[in-house]
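Here is a short walk through a protein model for someone meeting it for the first time. Have a look at the picture, then read on.

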Amino acid sequence: MFTSYLKVAPACEVCGLSFAAQKPDNGPAYFTILLMCHIAGFLLHFMIVYSD
């Protein structure tokens, strides 16, 4: 469905269904921030708890 990180493919490679109406909007950015905040949050927690 995607040709790169933020770009929707023009059509399905298997069946030829057009993806022209599909837009990625904020989805990739949202999932990146969601993932990175979880990683950074856990690292920050362990740094504070085990710093003594």
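**Cysteines, helix and rings**

Search the whole structure for disulfides and you find zero, a disulfide being a pair of cysteine sulfur atoms within 2.5 Å. Cysteine 12 is partly exposed, at 24% relative accessibility, whereas cysteine 15 counts as exposed, at 56%. As for those words, buried means under 20% relative accessible area, exposed means over 50%, and partly exposed lies in between (1.4 Å probe, protein chains only).

Before going further, keep in mind that this is a predicted model: local features need pLDDT of at least 70, side-chain atom pairs count only at pLDDT 80 or more, and totals for chains, interfaces and linings use all residues. Residues are numbered from 1 along each chain as its sequence is written, and side-chain values use heavy atoms, with hydrogens and water left out.

Now for the overall picture. Of its 52 residues, 8% count as buried. The protein exposes about 4700 Å², and 71% of that comes from carbon and sulfur atoms; areas like this come from the Shrake-Rupley method with a 1.4 Å probe, and for residues only the protein chains shown count as cover.

Helix H1 covers residues 27-49, and leucine 35 has its place there. Leucine 35 counts as exposed, at 53% relative accessibility. Together with Met36, Ile39 and Leu43, Leu35 forms a nonpolar surface patch of about 390 Å² of accessible area. Patch members have over 30% relative accessible area and no salt bridge; nonpolar side chains (Val, Leu, Ile, Met, Phe, Trp, Tyr) are joined within 5 Å, like charges within 9 Å. A salt bridge, in turn, is a side-chain nitrogen of Lys or Arg within 4 Å of a carboxyl oxygen of Asp or Glu.

Finally, the rings: the structure holds two aromatic pairs. Tyrosine 30 and phenylalanine 31 have ring centres 5.3 Å apart and planes at 70 degrees, so they are edge-to-face. Phenylalanine 46 and tyrosine 50 have centres 5.8 Å apart and planes at 10 degrees, so this pair is stacked. Rings of Phe, Tyr and Trp (its six-membered ring) pair if their centres lie within 6.5 Å, with planes under 30 degrees apart stacked, over 60 edge-to-face and the rest tilted.

Conventions:
Helices (H or I, at least four residues) and strands (E, at least two) are DSSP runs, numbered from the N terminus.
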